[in-house]
Protein chains: 2
Amino acid sequence: MKDDLDQEKTDESALHVMDGVDAPPALNPDLTFRSRVKIRRRPDAAALIDGVRRGDRVLLSQAITLIESERPEDRETAAQVLEAVMPEAGRSLRIGITGVPGVGKSTFIESFGLHLVEGGHKLAVLAVDPSSERSHGSILGDKTRMELLSRERNAYIRPTASGATLGGVARHTRETILLVEAAGFDRILIETVGVGQSEVIVHSMVDFFMLLSLPGAGDELQGMKRGIMEMADGIVITKADGDNIPRAKIAAADLNRALHLFPAREDGWTVPVRLTSAMTGEGLVELASLLEGYTEQMTEKGFFADRRRRQALFWMQQAIDEHLKQDFERTVAARREEIAGHVESGAINPFEAAERLIELYHEELRSRISNSDNA
Amino acid sequence: MKDDLDQEKTDESALHVMDGVDAPPALNPDLTFRSRVKIRRRPDAAALIDGVRRGDRVLLSQAITLIESERPEDRETAAQVLEAVMPEAGRSLRIGITGVPGVGKSTFIESFGLHLVEGGHKLAVLAVDPSSERSHGSILGDKTRMELLSRERNAYIRPTASGATLGGVARHTRETILLVEAAGFDRILIETVGVGQSEVIVHSMVDFFMLLSLPGAGDELQGMKRGIMEMADGIVITKADGDNIPRAKIAAADLNRALHLFPAREDGWTVPVRLTSAMTGEGLVELASLLEGYTEQMTEKGFFADRRRRQALFWMQQAIDEHLKQDFERTVAARREEIAGHVESGAINPFEAAERLIELYHEELRSRISNSDNA
């Protein structure tokens with residue numbers, strides 16, 4: 001933990017993936033020094049806004065950390081920063097990347113990312129992994145990974161957004177996207193390990209969702225999560241080199257056959273399957289131009305903006321639903337388990353049970369509100 | 001409408017599919033005769049409970065109609081009836097049936113249903129079609145369909161459960177299942193046209209979800225809704241007779257290949273693809289024994305009860321979520337569109353928008369509650 005506190009300046013060294021900068025101190029400074037001196041460890045909103053706009057990496061990292069904070073005063077500053085940079089946000093291609101463990105996501109991201117940077121793009125790499133805690137097990141936590149990419153001036157790598165809830169992670173990631181866009185990054189790769197609902201989260205915030213797959217036939221696909229193939233805008237077979245080539249081609253044929261079973265997409269896009277190799281560089285140029293072609297085609301027909309609009313409304317709705325649900329669950333917690341037990345045993349029917357819980361919720365709300373009115 | 005009012009006794013004729021029995025009168029009798037005489041068009045809870053238990057079809061139909069009513073006094077009686085018959089419910093195999101229009105669902109249900117009845121089962125056929133209104137366009141509304149089955153003493157056919165909302169339809173259907181089970185029906189076929197979310201609804205209330213498919217290769221599958229194949233516990237190719245047989249076999253191979261791409265199921269069940277023909281009777285015996293085998297295997301390993309428990313909790317949660325959502329939407333309706341517009345235009349970020357709407361909701365709740373306290 002102490003190491004982290006001193007890392008604020010390590011972005012000057014090209015050898016490190018940046019961690020968040022504000023691991024909280026062991027003692028709560030507000031508590032210790034209350035009413036004597038207000039300790040502010042971070043620049044204020046104006047400095048952050050200016051820093052993000054200039055593409056200052058230290059200030060960008062601090063702004064992201066601010067966004068991840070759950071402290072009410074931080075939330076307020078974060079809202080100011082976000083509102084100020086919104087006009088500069090949005091001008092990027094957001095690319096989600098998923099695949100089973102072992103598919104070589106980091107290696108792919110490094111080689112494809114380097115290719116994008118060499119092509120003149122500014123690249124940000126984010127990660128969504130709700131299951132990991134910062135610094136142990138985080139998918140981008142291993143600093144020996146993506147070493148070449150992390151040395152690039154025009155690449156910015158940020159480990160997993162933190163958050164206790166799925167909604168928290170989603171919010172942090174979505175807001176981080178806005179910040180890195182405002183900082184001038186025009187290509188964003190968002191990696192997910194595909195634990196639980198993380199693919200759905202990433203899929204719902206990207207313009208192009210890429211599924212990585214190993215060379216190998218049906219057997220490998222068996223490990224794929226249900227529904228994942230249907231979310232993909234493109235499938236990339238990794239490690240298509242040397243002895244793997246024939247198997248990679250069979251896998252591509254299998255995947256194409258499976259994709260053929262899905263109904264045609266509304267936006268007219270045909271999901272492509274491509275072979276790549278991080279080792280030989282095979283397929284990376286084609287993949288980059290595929291993405292350009294996709295963006296052009298979707299923008300022309302209005303589907304690009306459409307998808308983003310739908311995603312924004314989706315996240316608004318998600319945030320509302322999550323709030324309502326959490327408030328309900330907290331409020332009825334004491335009785336919920338008992339009533340759910342009766343439903344499980346078949347003693348009462350689920351709709352009756354729901355009505356009882358809702359009634360209870362209304363009673364609690366009423367007493368909560370009249371208590372606060374009397375206070 | 002007048003015709004419907006007089007149909008109460010037509011179940012004595014074997015030629016008709018029974019409609020609901022209590023289409024409401026054109027005038028509200030409670031309003032007209034208020035404080036003079038209370039008109040009750042229906043038997044009371046005790047009579048309904050007794051009737052359902054005895055398997056009396058008129059009273060069963062009346063109980064189902066009661067369940068579909070949204071009038072508060074009916075809801076109360078319905079809750080009493082359901083609570084009383086719960087102990088007798090549950091002892092059936094609930095089978096969901098879906099497939100694209102033209103696949104021959106009615107013909108399949110009639111021939112398979114007759115086979116089940118001949119095998120000594122008591123069969124109830126229900127339907128979920130949220131898009132249809134009673135008596136026009138209802139999928140079981142056409143009385144010339146399932147004519148043979150509707151003549152059977154041991155078959156009970158009930159048209160689409162009505163309900164303005166998806167949740168309403170779900171609730172009515174789920175509760176109808178409990179009633180027909182309590183009335184002694186031990187095989188329940190629940191047909192859905194597969195409009196919108198209706199498959200998800202049906203899938204979430206059955207023990208076995210059957211997807212009907214036409215003989216024909218990939219082209220036909222293209223019309224299949226996304227995700228539907230993954231929900232199936234079994235796939236049945238219809239019309240596998242005469243010249244269709246070779247194409248049916250190709251379709252089966254295609255489907256098997258596609259199924260092979262899905263990960264193995266937790267319950268160990270391998271989704272089968274079977275050929276049937278309503279015309280020749282091909283495959284119906286095998287299908288019935290497949291269902292027996294499935295039930296036995298799932299019961300033995302505890303997955304049968306597990307699935308029902310999970311479904312019950314799912315519906316409890318659904319009912320709660322729907323209530324919360326509706327209450328929220330109603331309450332913030334006046335400002336919602338404006339704020340959503342800002343999200344769509346990118347002026348504010350979706351999480352910020354959600355917070356504003358939630359704040360508004362709390363204010364409205366507070367004033368709603370203090371108004372009712374002052375009243």
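The legends below describe close-up views of a predicted model.

**Figure 1. The sheet of chain A is open and built from 7 strands with parallel pairing.** Chain A, with its 375 residues, of which 53% count as buried, has 15 helices and 7 strands. The strands of the sheet follow the order 3-2-4-1-5-6-7, and its edges are formed by strand 3 (155-157) and strand 7 (273-275) of chain A, each of which pairs on one side only. Averaged over the sheet, and with direction ignored, neighbouring strands are turned by 25° against each other. Strands of a sheet pair through backbone hydrogen bonds, in either a parallel or an antiparallel manner. For the contacts in chain A that join residues at least 6 apart in sequence, 75% are between residues at least 24 apart.

**Figure 2. Strand 6 of chain B is joined by bridges to strand 5 and to strand 7 of chain B.** Strand 5 (residues 208-213) of chain B runs parallel to strand 6 of chain B and is joined to it by 4 bridges, while strand 6 and strand 7 (residues 273-275) of chain B also run parallel and are joined by 3 bridges. B:Ile235 of strand 6 stands opposite B:Leu211, and B:Ile235 also stands opposite B:Val273 in strand 7 of chain B. Between strand 6 and strand 7 of chain B the chain crosses through helix 12 (residues 244-260) of chain B, giving a β-α-β crossover that is right-handed. Along strand 6 (residues 234-237) of chain B, B:Gly234 and B:Val236 point one way, whereas B:Ile235 and B:Ile237 point the other way, and all of these residues are buried.

**Figure 3. B:Tyr156 and B:Phe185 form a tilted aromatic pair.** A search of the whole structure finds 16 aromatic pairs over all chains. In the pair shown here the ring centres of B:Tyr156 and B:Phe185 are 5.8 Å apart and the planes stand at 40°, so the pair counts as tilted. The two residues are 29 residues apart and link distant parts of the chain, with B:Tyr156 in strand 3 (residues 155-157) of chain B and B:Phe185 in the loop between helix 8 (166-182) and strand 4 (187-192) of chain B. Both B:Tyr156 and B:Phe185 are buried. The ring of B:Phe185 also has the charged end of B:Lys122 sitting over it, 4.5 Å from the ring centre. In chain A, A:Lys122 lies over the face of A:Phe185, at 4.5 Å from the centre of that ring.

**Figure 4. B:Phe314 and B:Trp315 form an edge-to-face aromatic pair.** The distance from centre to centre is 5.1 Å, and the angle between the planes is 80°. B:Phe314 has a relative accessibility of 31% and therefore counts as partly exposed, whereas B:Trp315 is buried, with a relative accessible area of 4%. In chain A, one aromatic cluster is formed by A:Phe208, A:Trp269 and A:Tyr294.

**Figure 5. A:Lys239 and B:Lys239 each have a positive phi.** The phi of A:Lys239 is near 55°, a positive value in a residue other than glycine, and this residue is placed in the loop between strand 6 (234-237) and helix 12 (244-260) of chain A. With a relative accessibility of 36%, A:Lys239 counts as partly exposed. B:Lys239, which is not a glycine either, has a positive phi of about 55° and is found in the loop between strand 6 and helix 12 of chain B. B:Lys239 counts as partly exposed, at 36% relative accessibility.

**Figure 6. B:Ser69 is found in the loop between helix 4 (57-68) and helix 5 (72-85) of chain B.** B:Ser69 has a relative accessibility of 11% and so counts as buried. When residues up to four places away in sequence are not counted, B:Ser69 touches B:Asp74 and B:Arg75. From C-alpha to C-alpha, B:Ser69 and B:Glu181 are 20 Å apart in space, and they are 112 residues apart in sequence.

Note on methods. Residues are numbered from 1 along each chain as its sequence is written. Chains are lettered from A and ligands numbered from 1 in the order in which they are written. This is a predicted model: local features need pLDDT of at least 70, side-chain atom pairs count only at pLDDT 80 or more; totals for chains, interfaces and linings use all residues. Side-chain values use heavy atoms; hydrogens and water are left out. Buried means under 20% relative accessible area, exposed over 50%, partly exposed in between (1.4 Å probe, protein chains only). Two strands pair if DSSP finds at least two bridges between them. A crossover is right-handed if, with the strands pointing away from the viewer, the path from the first strand over the helix to the second runs clockwise. Axes are lines fitted to C-alpha atoms, for helices over the stretch in contact, and angles run from 0 to 180 degrees between N-to-C directions. Rings of Phe, Tyr and Trp (its six-membered ring) pair if their centres lie within 6.5 Å; planes under 30 degrees apart count as stacked, over 60 as edge-to-face and the rest as tilted. A charge sits over a ring if NZ of Lys or CZ of Arg is within 6 Å of the ring centre and within 35 degrees of the ring normal. Contact means heavy atoms within 4.5 Å.
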